[in-house]
Amino acid sequence: MKIIMLGAPGAGKGTQAKMIADKYGVPHISTGDIFRANIKNGTELGMEAKKYMDQGLLVPDELTVKILLDRVANDDCKNGYVLDGFPRTIPQAEVLDNALNELGDKIDFAINVDVPDENIINRMSGRRACLSCGATYHIEHIPPKAEGICDRCGKELILRDDDKPETVKNRLGVYHEQTQPLIDFYEKKGVLKSVDGTIPMEDVFQAIVNILGE
Ligand code: AP5
Ligand code: MG
């Protein structure tokens with residue numbers, strides 16, 4: 001099963017993608033997480049990506065596409081995957097489509113997690129992330145057991161640099177301009193499904209399971 005998560009920054013793509021990955025036994029692939037891991041490890045790719053990410057801009061397609069295609073060529077992707085944060089532009093979607101076509105394959109579902117802009121800014125300022133294991137929390141909706149500490153691995157939780165309100169506004173602008181057109185792109189392919197992302201995360205997940213099947 002090959003799934004793409006669509007939605008604004010903070011819509012809950014990562015939250016839902018992790019739950020999908022657990023239930024259906026496919027890897028969760030987040031280009032944002034890959035970039036953040038590279039930044040943390042001080043790689044050349046990380047340094048380059050950081051320039052864009054800190055401003056809320058997209059990392060150039062040339063860099064992003066190569067990383068993603070390498071990742072989905074791994075053995076653990078044989079039975080499918082859930083992509084979170086890729087594609088984010090029409091050219092990225094076309095590259096992915098062509099690569100899959102060559103393998104006689106295709107995307108099965110593009111799930112759009114729909115959340116209006118008004119809800120987004122609050123969510124982002126309340127998000128806390130663990131850079132060690134990738135877990136995310138929300139100080140009001142999904143708090144960790146001990147403040148500032150990851151339940152899963154015990155490391156420190158941080159507010160992502162790009163979650164400051166000014167940067168979030170930029171990210172929303174970039175989303176509407178460059179990423180939202182993908183909703184039409186996948187609608188035309190007949191694989192688009194939308195879910196309401198404003199309800200509690202367990203209910204969002206149930207709506208997704210209803211689409212994907214038990
Ligand atoms: P990326 O890491 O992908 O960030 P994003 O798309 O902006 O999305 P987020 O991770 O911020 O939000 P999310 O939808 O995953 O929400 P989450 O589940 O955490 O990308 C970061 C940057 O990397 C980009 O800006 C770009 O520069 C670069 N990049 C990455 N991929 C790229 C690409 N393909 N091309 C070019 N550049 C790329 O949830 C948010 C919060 O809400 C959390 O606190 C969560 O706990 C809470 N929450 C979730 N669901 C609910 C709910 N139902 N109710 C209440 N709270 C909820
Ligand atoms: Mg995410």
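A salt bridge is a side-chain nitrogen of Lys or Arg within 4 Å of a carboxyl oxygen of Asp or Glu. Keep that in mind as you click around this predicted model.

**Stop 1: a pair on helix H4**

Select Asp 70 and Lys 66. Their side chains meet in a salt bridge, with N and O 2.9 Å apart. Why can these two reach each other? They sit 4 residues apart in helix H4 (residues 61–72), so about one helical turn separates them. Show the surface too: Lys 66 is exposed, at 51% relative accessible area, while Asp 70 is partly exposed, at 45%.

**Stop 2: a pair on helix H7**

Now go to Glu 166 and Lys 169. They form a salt bridge as well, with the closest N and O atoms 3.5 Å apart. Both are in helix H7 (residues 165–179), and because they are 3 residues apart, about one helical turn lies between them. Glu 166 is exposed, at 54%, and Lys 169 is partly exposed, at 47%.

Next, select Arg 127, Arg 160, Asp 162, Asp 163 and Arg 171 together: salt bridges with shared partners join them into one network.

**Stop 3: ligand 1**

Click on ligand 1 and show what surrounds it. There are 36 residues around it, and Thr 15, Leu 57, Arg 88, Arg 127 and Arg 171 come nearest. Zoom in on Arg 127: an N or O atom in its side chain is 2.6 Å from an oxygen atom of the ligand. A polar side-chain atom of Arg 36 lies 2.9 Å from a ligand oxygen. At Gly 12, look at the backbone instead, where an N or O atom is 3.0 Å from an oxygen of ligand 1. How much of the ligand does the protein cover? The answer is 96% of the 1000 Å² of accessible area that ligand 1 has on its own.

Colour the shell by class and you'll get 16 nonpolar, 12 polar and 8 charged residues. Helix H2 gives the largest share, 4 residues.

**Stop 4: the cysteines**

Finally, select the cysteines. How many disulfides does the structure hold? It holds 0. Cys 77 is buried, at 4% relative accessible area.

Move to Cys 150. The nearest cysteine sulfur, that of Cys 133, is 3.7 Å away, but a disulfide needs the sulfurs within 2.5 Å, so Cys 150 is in none. Cys 150 is buried too, at 3%.

Terms used. Residues are numbered from 1 along each chain as its sequence is written. Chains are lettered from A and ligands numbered from 1 in the order in which they are written. This is a predicted model: local features need pLDDT of at least 70, side-chain atom pairs count only at pLDDT 80 or more; totals for chains, interfaces and linings use all residues. Side-chain values use heavy atoms; hydrogens and water are left out. Buried means under 20% relative accessible area, exposed over 50%, partly exposed in between (1.4 Å probe, protein chains only). A residue is near a molecule or strand if one of its heavy atoms lies within 4 Å of it. A polar contact is a pair of N or O atoms within 3.5 Å; within protein, one must be able to donate a hydrogen and the other to accept it, and residues adjacent in sequence count only if both atoms are side-chain atoms. Accessible areas come from the Shrake-Rupley method with a 1.4 Å probe; for residues, only the protein chains shown count as cover. Ala, Val, Leu, Ile, Met, Phe, Trp, Tyr, Cys and Pro count as nonpolar, Asp, Glu, Lys and Arg as charged, and the others, Gly among them, as polar.
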